[in-house]
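Open the model in your viewer and keep the selection tool at hand. The stops below can be taken in order.

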There are 2 protein chains.
Amino acid sequence: MSKNKQFVEKITAMEDDFAQWYTDVVKQAELVDYGLVRGTMIMKPYGFAIWENVRDALDRKIKETGHSNVAFPLFIPESLLEKEKDHVEGFAPEVAWVTHGGDEELAERLAIRPTSEVLFCDYYSKNIHSYRDLPKLYNQWANVVRWEKTTRPFLRSSEFHWQEGHTAHATDEEAAKETDQMLNVYADLAENYLAIPVIKGRKTEMEKFAGAKYTITIECMMHDGKALQAGTSHHFGSGFAEAFDITYLDKDGKSQFVHQTSWGLSTRIMGALIMVHGDNRGLVVPPRIAPTQAMIIPIAQHKEGVLDKAYDLRDKLADIVRIDIDASDKMPGWKFNECEMKGYPVRIEIGPKDIEKNQVVLVRRDTNEKEFVSIDELEVRLPALLEEIQQNLFDKALAHRNEKTTVVKSMDELEKALKENPGFLKAMWCGDEACEEKIKEETQVTSRCIPFEQEKLADTCFCCGKKAKEMVYWARAY
Amino acid sequence: MSKNKQFVEKITAMEDDFAQWYTDVVKQAELVDYGLVRGTMIMKPYGFAIWENVRDALDRKIKETGHSNVAFPLFIPESLLEKEKDHVEGFAPEVAWVTHGGDEELAERLAIRPTSEVLFCDYYSKNIHSYRDLPKLYNQWANVVRWEKTTRPFLRSSEFHWQEGHTAHATDEEAAKETDQMLNVYADLAENYLAIPVIKGRKTEMEKFAGAKYTITIECMMHDGKALQAGTSHHFGSGFAEAFDITYLDKDGKSQFVHQTSWGLSTRIMGALIMVHGDNRGLVVPPRIAPTQAMIIPIAQHKEGVLDKAYDLRDKLADIVRIDIDASDKMPGWKFNECEMKGYPVRIEIGPKDIEKNQVVLVRRDTNEKEFVSIDELEVRLPALLEEIQQNLFDKALAHRNEKTTVVKSMDELEKALKENPGFLKAMWCGDEACEEKIKEETQVTSRCIPFEQEKLADTCFCCGKKAKEMVYWARAY
């Protein structure tokens with residue numbers, strides 16, 4: 001049994017069955033395992049290490065923009081959850097309820113937080129008194145539970161990990177600025193760390209967060225052309241403040257409602273990472289968030305001097321890149337397969353012939369290209385190569401998104417595009433929910449966002465033919 | 001109302017009412033607030049920032065000793081929790097139960113993890129096959145829930161944050177080494193970061209973890225003489241492995257049970273931090289974990305050049321120490337009080353006269369001593385002073401513990417010591433649980449640990465007079 005474990009099993013080709021390919025990669029790259037309770041997941045060491053790098057990069061940005069981390073409780077009393085009508089309607093159907101503590105039945109049921117707006121609102125209502133107390137800029141890293149019917153690792157799990165920012169401001173404008181700022185933070189994380197190009201825009205009324213004045217989003221395209229919403233930022237206006245009576249005295253001594261935002265990014269983005277960069281050989285991790293940026297594989301490691309040289313190399317490079325060595329007794333071929341499955345950006349091969357020539361072989365995970373590099377030049381070449389890979393992953397993803405984005409001007413064109421080149425659909429919309437619902441029902445396509453970068457593609461709505469209001473990105477989505 | 005918020009309110013003197021002093025410090029230093037649900041807490045920005053520093057220091061050590069972080073689910077199916085008899089008996093009375101998901105009643109109740117042994121055991125039983133799969137060295141940072149009757153912030157809360165390490169090994173000896181190693185990691189964290197001296201030892205059978213072969217612990221003394229268990233490490237032997245059928249094939253192809261450990265350190269240590277170093281002016285945070293190591297207070301800041309100089313100072317020192325500036329319009333006296341309440345290790349005063357002399361005033365939080373330091377020497381003096389404070393806090397705490405530790409040779413001596421110098425009691429014990437129970441019942445004193453550093457204080461048990469087996473530390477405890 002242990003022998004078999006050295007072999008990397010074959011994964012389904014993404015062209016044959018994309019969903020199965022995803023499941024295979026998640027399992028073979030040792031990212032997660034299924035928990036015992038329906039829809040829960042176990043994040044394994046390698047999966048968690050990637051998430052830690054994403055989390056740490058985002059946490060730095062959240063702190064740099066002036067926010068403080070806090071930790072609010074897991075439990076929400078039922079009566080508190082019910083305070084904001086739209087919000088409870090949106091979340092109640094998927095709440096897990098605690099009814100007993102030890103042997104005792106609780107007087108009031110407790111929701112396990114599906115999101116924590118109401119807890120922060122209750123706190124703010126008690127702790128904000130004056131304009132001097134504003135703004136409140138809080139964030140927490142937390143687990144939340146949503147009792148979903150269909151679940152998939154990272155994409156939709158009953159319990160997931162995320163950060164949720166909750167802020168309160170004196171003015172609507174300031175809250176709007178905050179909402180924008182945090183979406184830009186998410187976009188920066190996605191594009192510059194995860195190498196995932198995003199489209200920024202506003203959600204339609206139908207797709208916005210339950211209880212929000214408006215929601216803005218970053219939308220990414222997966223390899224199969226489907227969309228994934230990777231992070232959202234909500235402007236609440238004073239809606240929650242009115243429901244929870246969160247007021248402050250302004251400089252003139254007048255009582256005012258605060259204006260609030262919330263914004264969240266979750267382990268879901270791990271799903272995007274897999275489906276944007278992965279291929280039929282497995283995962284591909286962008287260098288900036290890769291726990292292992294380069295893996296050294298000694299060739300003919302039983303020969304004298306090979307392992308010593310390989311370890312020297314690792315020690316020499318360890319301060320410059322995140323590097324590891326596979327000196328196990330597996331065959332190099334299996335080690336190569338494992339490097340590919342795990343998506344390490346660079347593999348470094350070193351054998352007796354290389355040592356003779358004072359060189360190594362660098363193999364890029366993204367293009368599979370090989371190059372011979374003098375050991376003396378490695379400290380310069382390796383970091384540069386990692387940057388090239390980072391950029392190439394982004395460029396490839398962007399080219400792919402552009403290829404799979406179609407302008408459509410009628411429902412016929414939409415259906416044609418879905419068949420021939422499924423992906424993002426850019427189309428003019430009248431702004432009417434009836435059209436949005438019709439499109440969803442007939443084609444399972446939903447509005448992804450009203451992009452900030454508008455184009456005028458036509459004068460009329462592609463669905464009903466009435467006067468068009470704005471351009472919308474449409475797609476089937478995860 | 002906002003005006004009042006500038007004033008630091010008086011706190012109860014610790015000599016008058018230690019419990020109230022604790023509550024006052026927790027509140028006034030803005031560490032936590034009470035959650036809505038009984039016994040839950042909200043960790044506020046300052047409290048959480050201290051915890052983050054403790055967590056990050058410990059996380060580094062956990063990784064340096066070869067462990068990987070993972071994330072296991074929050075939920076434990078009831079049937080799984082029941083698999084190990086001692087374990088479920090220990091934890092079932094304080095479990096919070098989820099019975100409904102949305103509108104549906106669940107087929108099986110789900111426990112919210114009070115600790116995660118059974119989840120890791122189930123995972124190991126499915127994922128360990130061969131000696132090649134060992135050791136498994138996993139850790140997770142998680143929230144857990146224990147439905148406690150009496151709760152206090154940090155010390156005993158219904159939900160708390162911690163790390164829990166769960167490891168599996170081929171041999172009993174290797175598991176024993178791991179158990180020791182992780183207790184040493186905790187001791188290092190407590191002594192060298194939190195400046196809290198610890199006593200390392202083994203728990204008695206009565207006090208060990210439910211399901212463990214043995215538990216080892218670090219015990220600290222609080223300012224009031226009571227003990228606090230700050231971290232524990234458990235050797236499970238193969239008890240859980242037998243209950244969960246966790247076996248591996250050894251090199252000879254023979255099936256063997258694994259040997260396991262677990263070890264945890266929680267937000268409880270924040271309580272120790274407060275009660276070891278705090279005083280009647282508030283919190284005292286050891287420099288190595290202080291989010292703000294030095295706070296600059298400009299004096300007569302309205303005078304020309306003062307604020308500019310203060311900001312220059314901050315910018316100059318920001319790469320060397322964690323430094324901040326309070327340039328608010330509060331009076332310096334209030335700012336001083338706030339520095340003291342928050343326990344910043346050093347306060348830096350700078351006013352017009354200081355600027356003239358090219359100096360600042362450094363005020364130590366621990367001793368309240370002032371020194372005048374040339375601005376040119378600050379980059380050397382300030383870090384050195386922080387180290388002196390760190391060392392002094394440890395020395396003071398150790399001296400205090402020594403003062404309040406009494407050797408007792410009879411129950412009478414114990415009761416005398418409890419009255420005259422309540423603290424740790426060193427006494428010989430016969431090893432009989434009857435004595436342990438009698439002592440607990442009559443005096444509310446519990447065995448803290450059988451210290452690794454044994455002394456022979458007498459030949460007979462201080463309680464029953466029979467032959468003594470070992471020396472034990474006894475104390476009233478949090």
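What follows is a tour of selected strands and helices in chain A and then chain B of a predicted model.

**Stop 1: the sheet in chain A**

Now zoom in on residues 199–202 and 214–221 of chain A, which are strand 9 and strand 10. The two run antiparallel and are joined by four bridges. Pick Arg202(A) and look across to strand 10 of chain A: the residue opposite is Ile216(A).

**Stop 2: a helix across the sheet**

**Stop 3: two crossing helices in chain A**

Select helix 2 (residues 45–64) and helix 6 (residues 172–192) of chain A; their axes come within 10 Å and cross at roughly 145°. To see the contact, show the side chains of Val54(A), Ala57(A), Leu58(A), Lys61(A) and Ile62(A) on helix 2 of chain A, together with Met182(A), Val185(A), Tyr186(A), Asp188(A) and Leu189(A) on helix 6 of chain A. The crossing of helix 2 of chain A past helix 6 of chain A is right-handed.

**Stop 4: helix 13 in chain B**

Move to chain B and select residues 411–420, helix 13. Which of its residues are buried? They are Met411(B), Leu414(B), Ala417(B) and Leu418(B). Looking down the axis of helix 13 of chain B, you will find these buried residues within an arc of 120°, so they line one face of the helix. They pack against strand 20 (405–407), strand 21 (424–429) and helix 14 (433–443) of chain B. Turn to the face directed away from the buried side of helix 13 of chain B: the exposed residues there are Asp412(B), Lys416(B), Lys419(B) and Glu420(B).

**Stop 5: helices 9 and 12 in chain B**

Finish with helix 9 (residues 306–317) and helix 12 (residues 378–403) of chain B, whose axes are 11 Å apart. They pack at an angle of about 70°, and are therefore roughly perpendicular to each other. Helix 9 of chain B passes helix 12 of chain B in a right-handed crossing. At the contact, Leu313(B), Lys316(B) and Leu317(B) of helix 9 of chain B meet Leu378(B), Glu379(B) and Leu382(B) of helix 12 of chain B.

Definitions and conventions:
Residues numbered from 1 in each chain as written. Chains lettered and ligands numbered in written order. Predicted model: local features only at pLDDT ≥ 70, side-chain atom pairs only at ≥ 80, totals over all residues. Heavy atoms only, no water. Pairing = 2+ DSSP bridges. Buried < 20%, exposed > 50% of the residue type's maximum accessible area, 1.4 Å probe, protein only. Arc of directions from axis to C-beta. Contact = heavy atoms within 4.5 Å. Axes fitted to C-alpha atoms, helices over the stretch in contact; angles between N-to-C directions. Parallel < 35°, antiparallel > 145°, perpendicular 65-115°, else oblique. Left-handed = near helix turned anticlockwise from the far one by under 90°.
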